[in-house]
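User: Could you walk me through how to read a few features of this model? I would like to begin with charges and rings.
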Amino acid sequence: MKTVITYGTFDLFHIGHLNLLKRAKEMGDYLIVAVSSDDFNAIKGKKCQIPDTERMAIVEAIRYVDKVIPETCWEQKALDVEKYGVDVFVIGDDWKGKFDFLKEQCEVVYLSRTQGISTTEIKKQLASKDK
């Protein structure tokens, strides 16, 4: 069995998120998705609109996803790769090169983003409508 893992915040879930999960699942048999916790997002300076427990429930309901775990710290990625016997680490190409250190443990794939959509842009559009 080929195990794939990916990480994300998945706030304001959109088609780009779905495309990432579908493409990640196509790379193996079992897809683990780590969803950034609210506490970890605070450390990263991010504020989510949707609480972590709800974001995890949304991601868990996606048919491509086999397991959802919380992401609580930066160091967790290397630990998860070992713990779950991960064969492929997948993440968006906006992180290109940042996780190359995992290549010692597994294959690392940076997937291109879905054009024309991002959570950051959605938040900006919503904020501008409030003014």
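Analyst: Happy to. A charge sits over a ring if NZ of Lys or CZ of Arg is within 6 Å of the ring centre and within 35 degrees of the ring normal. Here, Lys44 lies over the face of Trp74, 5.7 Å from the ring centre. Lys77 places its charged end over the ring of Tyr7, at 4.7 Å from the centre.

User: What kind of model is this, and how are residues and side chains treated?

Analyst: This is a predicted model: local features need pLDDT of at least 70, side-chain atom pairs count only at pLDDT 80 or more, and totals for chains, interfaces and linings use all residues. Residues are numbered from 1 along each chain as its sequence is written, and side-chain values use heavy atoms, leaving out hydrogens and water.

User: How many aromatic pairs does a search of the whole structure find?

Analyst: Rings of Phe, Tyr and Trp (its six-membered ring) pair if their centres lie within 6.5 Å; planes under 30 degrees apart count as stacked, over 60 as edge-to-face and the rest as tilted. The search of the whole structure gives 7 aromatic pairs. For Tyr7 and Phe89, the ring centres are 5.7 Å apart and the planes at 35°, so this pair is tilted. Tyr7 and Phe89 are 82 residues apart and link distant parts of the chain. One aromatic cluster is formed by Tyr7, Phe40, Trp74, Phe89, Trp95, Phe99 and Phe101.

User: Are Tyr7 and Phe89 buried or exposed?

Analyst: Buried means under 20% relative accessible area, exposed over 50%, partly exposed in between (1.4 Å probe, protein chains only). Both Tyr7 and Phe89 are buried.

Methods:
Helices (H or I, at least four residues) and strands (E, at least two) are DSSP runs, numbered from the N terminus.
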